Amino acid sequence: MGNLLKKIGNSFKDFGHAVAYGDIWVKLSLVIMGAGYFGRKQFVRGILMTLLEGGILASIFGVFAPYMAKLNTLGTVQREEVFDIVTMKKTVNNYDNSLLILLYGIIGVLVILAFIALYISNIKAVYRIQKMKEEGEHINTFLDDVASFKNERFHITLLTLPSIGVILINIIPILFMVCIAFTNYDENHQPPTYLFTWVGIKNFVNLFTTSQTITFGYAFVRVLAWTLIWAVLATATTFLGGILLAQFINHEHTYFKGMWRTLFVITIGIPQFVTLLLISKMFGDYGIVNTWCANIGLLDFFKNIGLLGQGAQCIPFLSQPGWAHVTIILVNIWVGIPYQMLVATGILMNIPSDQIESAKIDGANKFQIFWKITMPYVMFITGPSLIQSVIGNINNFNVIYLLTYNYTTTNMAMANSNAKEVDLLITWLFRLTNEYSNFKMASVIGIVTFIICAALSLLTFSRMIGGDKEGVYR
C-alpha cells in the first residue's frame with residue numbers, strides 16, 4: 001500500500017512538472033489530448049487520442065452522468081402505471097430504476113478514474129516526446145509503435161484483453177456487491193417496481209444482532225462455526241486419507257496397484273451431483289440405508305444406548321443437526337479421498353530417495369520416515385493446494401446443498417433468518433438470494449466470507465512456506 005501511494009504521488013508530481021515546463025503543444029494537450037502528437041507530426045496517434053477523448057467524454061456526459069447524479073439517493077421517482085382512457089392503454093411514468101442507477105453509476109465512476117489516469121499519462125507522454133525532440137532522439141512513428149507492440153512491448157499486447165476481462169468480470173461485480181450491502185435491496189424493494197436506497201452499515205449491524213425481531217446474529221454464529229469446522233475437517237480427512245491410501249497402494253507388497261488405482265479413480269469420473277443426490281435419497285428417513293439399519297437391529301441399538309429416542313422411527317442421517325453434520329463429513333471423505341490419492345501418488349513418487357535411504361541407514365523405522373520425511377515434504381509441496389482446499393471447502397456448495405436440500409429446520413430463530421443448521425455461509429447466501437430475494441444480507445455475508453477466506457489464505461500461506469522452508473525443499 002505504501003509503494004502504491006508513493007507511485008501515485010510521483011505520478012502527480014511528474015504531471016505537474018510536465019504542465020509547468022511543457023511547451024505550447026503540451027499545454028494544448030490539456031484541452032485536446034492529441035495536440036501534443038499533432039505538434040510532433042504523429043498524426044495517426046493524435047487522431048486516435050483525440051477520438052478516444054471525445055468518445056470517453058461523450059459516454060460520461062451522455063450515458064453515465066444522469067445515473068451518477070442520482071447515486072446519492074438511488075432514485076426518487078417510483079414506477080406507476082396509469083390507465084389512459086383516451087388510448088385505452090396503460091402508461092408508465094418516467095421512473096427511476098435503482099439497480100441501473102447503481103450499476104451505471106459504478107461503471108461511470110470507474111470510467112472517470114480511468115480517464116483521469118489516461119489524461120495524466122498522456123500529458124507525461126507528450127512531455128517526454130518534447131524532451132526527446134529537444135535532445136535530438138528518434139521519435140517513433142505510428143508504424144514504429146505498432147511494431148513495438150509485436151516485439152519489445154508484446155507483453156502489453158498479451159495482457160490488454162485479460163486486464164479488460166478482469167475489470168468487467170471481477171472488479172465491477174465485486175464493487176456492485178459491496179455497494180448492495182449498504183442498501184435495503186430485498187424482496188420489498190425490488191426494481192423496477194420499487195426503489196431501494198442507502199442504509200449505511202445497518203445490514204452489518206443486523207448480521208451481528210440478536211433480538212426478538214432480528215435473529216441474524218443467532219444464525220450467523222452457528223453457520224460460521226459449522227462452516228469453519230466443516231472446512232477444516234473436510235480438508236484434513238480427505239488429505240490424510242488420500243496420503244494413507246496412496247501409501248498403501250504404492251507399498252512394495254501391494255499387488256495389482258493399477259487395479260486399485262482404477263477402482264478409486266472411477267469415482268472421480270462419475271458426476272458429483274449424481275452421486276450426492278443418490279446418497280441423499282439412500283440416507284433419507286425412508287431410504288434404503290434406514291431400512292437396512294432397521295432390519296439388522298442398528299436402529300434399536302441406537303435407541304438402547306440413548307442416541308435416539310424410544311419413539312424414533314428412523315435414523316435421522318440427514319434430517320437432524322449432529323447426525324447430518326457427521327453424515328456430510330463421512331460422505332465427503334468417500335467423495336474426496338480418490339482425488340487426494342491421485343495428488344499424493346504423484347508427490348510420493350518424487351520424494352528424494354537419498355533422504356529416505358539416509359534415514360534407514362541411521363536406523364529410522366517406517367513410521368519415523370513417514371512422519372519426519374514424507375509428511376513434511378508432502379505438506380510443503382501441497383501447502384498452496386491445501387489452502388485452496390480449505391477455501392474451496394468454505395465455499396463447497398455442491399456437497400452441502402445437494403445432500404441437504406430436503407432438510408427442514410425446527411429452530412425458529414434459524415428459520416427467521418432463512419438459515420438451516422447444516423448451511424455453510426455460501427449455501428445460506430444462496431438461499432437468501434435465490435429463495436428469498438434478500439440481496440442486502442446476502443451481500444453482507446458475501447463480504448464476510450471474502451474477508452475470512454482472504455485472512456485464512458494470507459495467514460496459512462505465510463506459515464507454510466515461511467522461514468527457510470522454501471530453501472530446504474528446493
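Which residues form one aromatic cluster with Trp-323?

**View 1. An aromatic cluster in a predicted model.** The model shown in every view is predicted. Five names make up this cluster: Phe-283, Phe-301, Phe-302, Phe-317 and Trp-323. A search of the whole structure gives 18 aromatic pairs. Two of the pairs follow in the next views.

**View 2. The stacked pair Tyr-185 and Phe-196.** The ring centres of Tyr-185 and Phe-196 are 4.6 Å apart. Their planes meet at 15°, under the 30 degrees cut-off, so the pair counts as stacked. Both residues belong to the loop between helix H7 (154–180) and helix H8 (202–207). The pair therefore ties together parts that are 11 residues apart in sequence. Is Tyr-185 buried or exposed? Tyr-185 counts as buried, because its relative accessibility is 8% and the limit is 20%. Phe-196 is buried too, with a relative accessible area of 1%.

**View 3. The tilted pair Trp-226 and Trp-230.** Here the ring centres of Trp-226 and Trp-230 lie 6.2 Å apart, with the planes at 50°. That angle falls between 30 and 60 degrees, so the pair is tilted. Both tryptophans sit in helix H9 (residues 216–250). They are 4 residues apart, about one turn of the helix. An α-helix has 3.6 residues a turn, so residues three or four places apart point the same way. Trp-226 is buried at 6% relative accessible area. Trp-230 is buried at 0% relative accessibility.

**View 4. A charge over a ring: Arg-222 and Tyr-218.** The charged end of Arg-222 sits over the ring of Tyr-218. Its distance from the ring centre is 3.6 Å.

View 5. Thr-345 is part of helix H14 (residues 323–348). How far is the side chain of Thr-345 from the backbone oxygen of Met-341? The side chain reaches that oxygen at 2.7 Å. Beyond neighbours within four places in sequence, Thr-345 is in contact with Ala-246, Asn-250 and Arg-261. Thr-345 has a relative accessible area of 7%, so this residue is buried.

View 6. Helix H17 (residues 383–394) contains 12 residues. From first C-alpha to last, H17 reaches 17 Å. That is close to the 16 Å expected at 1.5 Å a residue. Which residues of H17 are buried? They are Gly-383, Leu-386, Ile-387, Ser-389, Ile-391, Asn-393 and Ile-394.

Notes: Residues numbered from 1 in each chain as written. Predicted model: local features only at pLDDT ≥ 70, side-chain atom pairs only at ≥ 80, totals over all residues. Heavy atoms only, no water. Helix = DSSP H or I, 4+ residues; strand = E, 2+ residues; numbered from the N terminus. Buried < 20%, exposed > 50% of the residue type's maximum accessible area, 1.4 Å probe, protein only. Polar contact = N/O pair within 3.5 Å; in protein donor to acceptor, adjacent residues only side chain to side chain. Contact = heavy atoms within 4.5 Å. Phe/Tyr/Trp six-rings, centres within 6.5 Å; stacked < 30°, edge-to-face > 60°. Lys NZ or Arg CZ within 6 Å of the ring centre and 35° of its normal. Expected span 1.5 Å × (residues − 1).
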